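Have the viewer open while reading.

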Amino acid sequence: MAGTRLLDPVESDPGLPDSADVVVVGAGIIGVSAAYHLAKAGHSVALLEKGVVAGEQSSRNWGWCRLFNRDEREIPLMQASLELWGRLPEEIGADMGFRRSGLTYVTKDAKELASWQAWLDMAAPYQVPMRVIDAAEAKRRTPGNEQDWIGGIHSPRDGRAEPAMAAPALAKAARAHGATLHQGCAVRGLDTTGGRVSGVITEKGRIRTQAVILAAGAWASMFLRRHGIDMPQSSVHSTVFATTPAKQVSPGPLRTPDFILTPLLDGGYLVAARARGRLELTPAGIRYARQFLPSLRKNWNIVELRLGRSFFEGPDAWHGRWSFDRPTVFERMRVLDPKPKTSIVEPALREIVAAYPELAGITAARIWAGWIDSTPDAVPVIARLDALPGLVVAAGFSGHGFGIGPAAGRLAADLATGSPPIVDPEPFRLSRFHDGSPIRAPAGI
């Protein structure tokens, strides 16, 4: 849960409906967005969550809502998402913590600066409102920072939102439009009739439905395998922390070579250290090692490979063909809550104070970790599945899901109901991993 603000609670509905037009599995930012757009359009919706709304990665991320440096396939969807971030708070009558504060990257590395220029060149047809800044402007945009930059990027229409507020606000809005929300209600599997979805089986009973959106984050691949569907997915452990309130040194997210700062509404900062992420050896990782090899080669210098508890428990472990009439791993692990890497805190604080002496005395207020569910090309799967009609998957957001979440949920809702899609869904098809399409190393970050 981000910052010193605890995750905003959302009330559940008392009992399961017998049926729903669409059942959404997973109440992170993508799932609640899908539920909201479905309910607003007049569909009956049941939103199911084994734990609590936004209990996993949707409350454990940086809070960035950025267009810059995304894979080209994500650009149209992120442009739509930024439009939604801008109007949803007024539309639902609730603050989601979104502030269009701009985003700044600075660097001392000429190759890095050239790579950002190359991204801008690629994105030019999309009319992205951002530009390379020179050393003098980079210095002006980092007042108080004693380092010397050669330049950077400024993206004025990007911003940030509060992970503790955003998904809960949309979940409440979905309920206001008639969706029912069921927290602490694990979905054990799908019921099928004649080779297509006919219901969901939960720990509290069955719901009849012809359409299911699986927005289960890191759990999606394991859930799909139980139904004979293969989706390459693996998770990366990442630690972030929030600081005590301090002087504002940047109005929006700031990325430097040594640390990443995101201002929070409580006056503190969310800090992501420029440390190695942890990639744990797991059965899922072994299963999909070939598909992930291009990504691993590109990111070898920023990941730490090790054996940990996730080999034996959690979404990347081996769970076999579990029964739908007995408790499952989903009930045993209501919230995926990995232990944070506390050793990153002191070095990161030293780097911050060295760069900004006026922040001397800043301390960590809270620290947490999450599992970033990733695909081999770091682009999500948002797709109808021909192998199981009635099922739409929206998962594998690879650390980009929070910012793109409002439009990703809308796209999933469009696919589930057959409505005109908000953007072309072709780049997000699951079949790209199985039809011989080349798996590109992830673009952007």
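Predicted model: local features only at pLDDT ≥ 70, side-chain atom pairs only at ≥ 80, totals over all residues.

## Ground rules

Residues are numbered from 1 along each chain as its sequence is written, and side-chain values use heavy atoms, with hydrogens and water left out.

Helices (H or I, at least four residues) and strands (E, at least two) are DSSP runs, numbered from the N terminus. Two strands pair if DSSP finds at least two bridges between them.

## The six-stranded sheet

Start with an open sheet of six strands, in the order β8-β2-β1-β12-β21-β20 and with mixed pairing. Its edge strands are β8 and β20 (381-384), each of which pairs on one side only. Neighbouring strands here are turned by 15° against each other on average, direction ignored. For angles like this, axes are lines fitted to C-alpha atoms (for helices over the stretch in contact), and angles run from 0 to 180 degrees between N-to-C directions.

Now zoom in on the β8 end. Strand β2 (residues 45-49) runs parallel to β8, and four bridges join the two. Leu 48 sits opposite His 182 in β8, and Glu 49 has Gln 183 of β8 as its bridge partner. Along β8 (residues 180-183), Thr 180 and His 182 point one way while Leu 181 and Gln 183 point the other, and all are buried. Buried means under 20% relative accessible area, exposed means over 50%, and partly exposed is in between (1.4 Å probe, protein chains only).

At the other end, helix α11 (residues 401-417) lies across β1 (22-25), β12 (212-214), β20 and β21 (391-395), and runs at about 10° to β20.

## The three-stranded sheet

There is also an open sheet of three strands, ordered β9-β10-β11 with antiparallel pairing. The edges are β9 (187-193) and β11 (205-208), each pairing on one side only. From one strand to the next, the twist averages 30°.

Six bridges hold β9 to strand β10 (residues 196-202), and the two run antiparallel. Within that pairing, Asp 191 has Gly 199 of β10 as its bridge partner.

## How α1 packs

Two packed helices are described by the angle between their axes and the distance between the axes. For α1 and helix α5 (residues 166-176), the axes come within 8 Å and cross at roughly 25°. That makes α1 and α5 roughly parallel to each other (angles under 35 degrees count as roughly parallel, over 145 as roughly antiparallel, 65 to 115 as roughly perpendicular and the rest as oblique). The contact (heavy atoms within 4.5 Å) includes Ile 29, Val 32 and Tyr 36 of α1, and Ala 166, Leu 170 and Ala 174 of α5.

Helix α1 (residues 29-40) also meets helix α2 (residues 75-92), with axes that come within 14 Å and cross at roughly 60°. The pair α1 and α2 is therefore oblique. On the α1 side the contact uses Tyr 36, His 37 and Lys 40, which meet Leu 84, Arg 87, Leu 88, Glu 91 and Ile 92 in α2.

## Aromatic rings

A search of the whole structure turns up 11 aromatic pairs. Rings of Phe, Tyr and Trp (its six-membered ring) pair if their centres lie within 6.5 Å; planes under 30 degrees apart count as stacked, over 60 as edge-to-face and the rest as tilted. Trp 62 and Trp 64 have ring centres 5.1 Å apart and planes at 70°, so this pair is edge-to-face. Trp 62 is partly exposed at 28% relative accessibility, whereas Trp 64 is buried at 5%.

Phe 223 and Phe 330 make a tilted pair, because their ring centres are 6.2 Å apart and their planes are at 50°. Phe 223 lies in helix α6 (residues 220-225) and Phe 330 in helix α9 (residues 329-332), so the pair ties together parts that are 107 residues apart in sequence. Phe 223 is buried at 3%, and Phe 330 is buried at 4%. Back at the tryptophans, one aromatic cluster is formed by Trp 62, Trp 64, Phe 68, Tyr 105, Trp 116 and Trp 119.

## A loop residue

Leu 336 belongs to the loop between α9 and α10 (345-355), and is buried with a relative accessible area of 8%. Not counting residues up to four places away in sequence, Leu 336 touches Lys 50, Glu 56, Arg 60, Ala 218, Trp 219, Pro 315 and Trp 371.
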